[in-house]
Amino acid sequence: MSVERQIININEYELLTSAEDFTVAIRAVAERTEREGHLGVLSYRFFVDEPNRSAGACITYADADAWLAHHDIAYGWEEMPNFQKNVKLARVLLLGPLHEGMRAWLEKANIPCEVFRVNNHAAGFER
């Protein structure tokens, strides 16, 4: 598997509910992703910082096609609206090669360009 093709997706969220509500909701999404999600989701990690009313995610996808497939699958799940009512997306950082399908998905989802940033792989390895 080529690290040059991987997409690292880092999200920052503002908590709209309690850290406990966020944790319960994202745990349900994570469990379903592990059980039924796209196999190109290589890692799926979420964090919460109750004192600062924030949360974050670091998700690794095999490639841009896996990112797109995961979003197409997961946004149809009943768990997703429950998760989304707990947070407001503050920032998205995408590391890796995007393709037009991803850009179109982000535009359709109405995520403003100033919210997300893209960087391409320059060097590195994975053990």
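Modeller: Let us start with W67, which touches I7, N9, Y61, L94, M102, W105 and L106, leaving out residues up to four places away in sequence. A contact here means heavy atoms within 4.5 Å. Before we go on, this is a predicted model, where local features need pLDDT of at least 70 and side-chain atom pairs count only at pLDDT 80 or more, while totals for chains, interfaces and linings use all residues. Residues are numbered from 1 along each chain as its sequence is written, and side-chain values use heavy atoms, with hydrogens and water left out.

Colleague: Which residues have the most contacts inside the largest nonpolar core?
Modeller: They are W67, F83 and L94, in a core of 31 residues. A nonpolar core is a set of buried Ala, Val, Leu, Ile, Met, Phe, Trp, Tyr and Cys residues joined through side-chain atoms within 4.5 Å. Elements that give two or more residues to this core are β1 (7-15), α1 (19-36), β2 (41-49), β3 (54-61), α2, α3 (79-84), β4 (87-95) and α4. These names come from DSSP runs numbered from the N terminus: helices are H or I runs of at least four residues, and strands are E runs of at least two. As a general point, in soluble globular proteins nonpolar side chains tend to be buried together.

Colleague: Why is F83 called buried?
Modeller: Its relative accessible area is 5%, and buried means under 20%, exposed over 50% and partly exposed in between, using a 1.4 Å probe and protein chains only. So F83 counts as buried.

Colleague: Why is the pair of F46 and F83 called edge-to-face?
Modeller: Rings of Phe, Tyr and Trp (its six-membered ring) pair if their centres lie within 6.5 Å; planes under 30 degrees apart count as stacked, over 60 as edge-to-face and the rest as tilted. The centres of the F46 and F83 rings are 6.0 Å apart and their planes are at 80 degrees, so the pair is edge-to-face. It links strand β2, which holds F46, with helix α3, which holds F83, 37 residues apart.

Colleague: How many aromatic pairs does the structure hold?
Modeller: There are six. One of them joins F22 and F83, with 6.0 Å centre to centre and 50 degrees between the planes, and this pair is tilted. F22 in helix α1 and F83 in helix α3 are 61 residues apart. Y13, F22, Y44, F46 and F83 form one aromatic cluster.

Colleague: What makes V87 buried?
Modeller: V87 has a relative accessibility of 9%, so it counts as buried. This residue is in strand β4. Leaving aside neighbours within four places in sequence, V87 is in contact with Y13, E14, L15, L16 and F22.

Colleague: Why does F125 count as exposed?
Modeller: F125 has 63% relative accessibility, so the label is exposed. You will find F125 in the segment after β5 (116-119).

Colleague: How do you know whether R53 is buried, exposed or partly exposed?
Modeller: At 34% relative accessibility, R53 falls into the partly exposed class. R53 lies in the loop between β2 and β3. Its phi is near 55 degrees, a positive value in a residue other than glycine. In general, most residues other than glycine have a negative phi.

Colleague: And is N52 buried or exposed?
Modeller: N52 has 54% relative accessibility, so it counts as exposed. N52 also sits in the loop between β2 and β3.

Colleague: What makes L98 count as buried?
Modeller: Its relative accessibility is 15%, so L98 is buried. L98 is placed in the loop between β4 and α4. Leaving out residues up to four places away in sequence, L98 touches I7, R103, L106 and V118.
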